[in-house]
Amino acid sequence: MILREVIDRHHILVLSGPGGVGKTTAAASLGLYGAMCGKKTAVLTIDPAKRLATSLGLQQLDNQARRVDLSRLDDVPPGGELWALMLDAKQTYDTLVRRYAQDEAQYKRILTNKFYKHFSSAIGGSQEFTATERLYQLEQEAPWDLIILDTPPTVHALDFLDAPKRMIDALDQSVFRWVVKPYLTAGKMGMKMLGFGSAYVLRTLKKLVGLEMLEDLSEFLFSFNGMYDGFKERAKKVQTLLHDPQTAYLVVSTLEQNSLQEASFFHRELLRQGYHFQGYVLNRMTQRLESDLDYPAFFKALEETLSDEVLLTGLAPKLWELYREHRLLQDKQDTNLSRLRDDEGSGVPLYLVPHFETDIRDTAGLRRFADALVRANRVEE
């Protein structure tokens with residue numbers, strides 16, 4: 001299957017993999033290609049480096065989709081649009097709270113709670129859950145033809161995939177829900193109204209976090225009264241979306257050994273958890289040199305192309321070293337690519353992207369990347 005078919009057959013593309021391998025660039029390039037195919041495309045990133053905005057020519061990115069100016073490209077068909085946004089965890093939580101709050105008073109009470117302010121922006125895992133929630137919001141809010149998600153590095157991307165399930169488990173099993181909430185429902189009349197176990201837990205919590213913090217937490221949880229089921233049902237829908245056949249996963253990597261090990265691990269996890277893996281994007285491939293010359297043959301080739309004056313400057317040995325380094329890198333990449341094919345089997349798509357001499361900082365660079373990724377590559381057997 002060529003990558004164009006992956007784009008045509010799926011509504012959502014999730015790009016994951018190790019850090020520093022070009023996921024953000026690949027996501028933006030695929031988004032641009034989607035627009036060039038006539039699709040209304042959105043690219044969502046949770047990469048804090050904000051490289052996506054620079055490459056798309058935008059001054060900034062935030063939680064609201066911003067349209068990218070593609071007027072300089074002369075082959076974008078009618079209907080082809082590219083939009084980009086960056087996750088804002090707190091704003092996404094605020095939107096979710098507004099959706100399930102029973103009235104405006106409950107909504108404002110939650111937003112002004114001290115614990116909620118901390119929870120919605122700093123608690124570990126909040127970014128991962130809100131990324132899945134924002135993805136679901138995009139899928140529901142606008143008639144996008146294609147949505148592309150640029151995820152954090154591999155380990156955190158696994159957290160991202162697990163986030164909806166962790167939210168469901170937390171709402172089902174949270175100790176605070178069965179200890180603190182009954183305490184508040186009792187009208188804060190005191191721990192004597194509760195069972196011994198609950199009272200003991202509350203006393204312990206007071207010692208650990210302090211009375212004021214416990215009261216903030218209690219008020220926060222109590223404010224969510226009537227919203228737990230809505231949150232849990234929403235998390236289930238998000239989880240269903242991530243497993244939907246219309247959601248495809250591409251693992252981005254380079255051919256460096258450490259990156260490939262992480263990428264292979266993530267591929268196995270995707271398969272184990274039932275996600276729809278559609279191949280590897282292997283970035284920064286060195287240009288292939290078909291000839292393998294020894295020094296005399298290399299020097300002879302230089303004599304045929306360079307003047308004697310240039311050769312006398314001592315340039316030849318330096319060019320030889322560069323040539324040998326390139327050959328060694330090419331051999332290493334060939335070895336790692338062969339090992340990947342052996343480990344993964346012939347049926348796994350491998351999409352190869354060359355190493356570009358200059359950084360990709362604008363839509364013209366993204367266009368070159370997209371052309372290399374989509375047009376010049378094929379499934380490697």
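The model is predicted, so local features need pLDDT of at least 70 and side-chain atom pairs count only at pLDDT 80 or more, while totals for chains, interfaces and linings use all residues. Residues are numbered from 1 along each chain as its sequence is written, and side-chain values use heavy atoms, with hydrogens and water left out.

**Overall make-up**

- The protein chain holds 17 helices and 8 strands (DSSP runs numbered from the N terminus: helices are H or I of at least four residues, strands E of at least two).
- Of the 381 residues in the protein chain, 48% are buried (under 20% relative accessible area, with exposed over 50% and partly exposed in between, for a 1.4 Å probe and protein chains only).
- Among contacts (heavy atoms within 4.5 Å) with a separation of 6 or more, 77% join residues 24 or more positions apart.

**Helices α4 and α12**

- The axes of α4 (residues 89-100) and α12 (residues 228-243) come within 10 Å and cross at roughly 125° (lines fitted to C-alpha atoms over the stretch in contact, with angles from 0 to 180 degrees between N-to-C directions).
- The two helices are therefore oblique to each other (under 35 degrees is roughly parallel, over 145 roughly antiparallel, 65 to 115 roughly perpendicular, and the rest oblique).
- On the α4 side the contact is made by L96, V97, R99 and Y100, and on the α12 side by G230, F231 and R234.
- These contact residues divide into 4 nonpolar, 1 polar and 2 charged (Ala, Val, Leu, Ile, Met, Phe, Trp, Tyr, Cys and Pro are nonpolar; Asp, Glu, Lys and Arg are charged; the others, Gly among them, are polar).

**E133**

- Leaving out residues up to four places away in sequence, E133 touches T92, L96, R234 and V238.
- L96 and R234 also take part in the contact of α4 with α12.

**T254**

- The side chain of T254 reaches the backbone nitrogen of E256 at 3.4 Å.
- Not counting residues up to four places away in sequence, T254 touches V21, S259, L260, N283 and R284.

**G279**

- G279 and V348 are 69 residues apart in sequence, yet 5.9 Å apart in space, C-alpha to C-alpha.
- G279 touches Y249, L250, V251, P349 and Y351, not counting residues up to four places away in sequence.

Conventions:
Polar contact = N/O pair within 3.5 Å; in protein donor to acceptor, adjacent residues only side chain to side chain.
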